[in-house]
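Here is a short briefing on salt bridges. Look over the sequence and the model, then read on.

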Amino acid sequence: MSVKSFNHIPEFEAKLQAAAAHTVFRASLMVEREAVSRARFKTGFLRNSIGSEAVGLSGSVFAGANYAIYREQHDHFLTDSLESVVKDIPNLLKLGGA
């Protein structure tokens, strides 16, 4: 009687890595959308300058308007958006990143 050994760890690791990267991507988009909705609207320039990107397990949200830092210091639209989404991460994970 022969015993066969299976090593599924590399497959599991690849699936886990992909799921985590997808979750980072979705969370980055959620922070971006939240920041756009929280940013003050006068001409729309600030809102239109907000974007996000995710590469692997790293995501970022940015505002390209030259005065965005001043609005962030006064209104905290980016910080508040991030905090709002972080609270929702458990629900995002329950959905399986779908």
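**Salt bridges in the predicted model**

Glutamate 34 and arginine 38 sit about one helical turn apart, because they are four residues apart in helix α1 (residues 9–38). Helices here are DSSP runs (H or I, at least four residues; strands are E, at least two), numbered from the N terminus. This is a predicted model: local features need pLDDT of at least 70, side-chain atom pairs count only at pLDDT 80 or more, and totals for chains, interfaces and linings use all residues. Residues are numbered from 1 along each chain as its sequence is written, and side-chain values use heavy atoms, with hydrogens and water left out.

**Overall count**
- Three salt bridges turn up in a search of the whole structure.
- A salt bridge here means a side-chain nitrogen of Lys or Arg within 4 Å of a carboxyl oxygen of Asp or Glu.

**The pair in helix α1**
- Glutamate 34 and arginine 38 form a salt bridge through their side chains, at 2.8 Å, N to O.
- Glutamate 34 is partly exposed, at 23% relative accessibility.
- Arginine 38 is also partly exposed, at 36%.
- Partly exposed lies between buried (under 20% relative accessible area) and exposed (over 50%), using a 1.4 Å probe and protein chains only.

- Arginine 71 and aspartate 75 are both in helix α3, four residues apart, about one turn of the helix.
- Their side chains meet in a salt bridge of 3.0 Å, N to O.
- Aspartate 75 also pairs with arginine 40 in a salt bridge, at 3.3 Å, N to O.
- Aspartate 75 is in helix α3 (residues 68–75) and arginine 40 is in the loop between α1 and α2 (45–48), so this pair ties together parts 35 residues apart in sequence.
- Shared partners join Arg40, Arg71 and Asp75 into one network of salt bridges.
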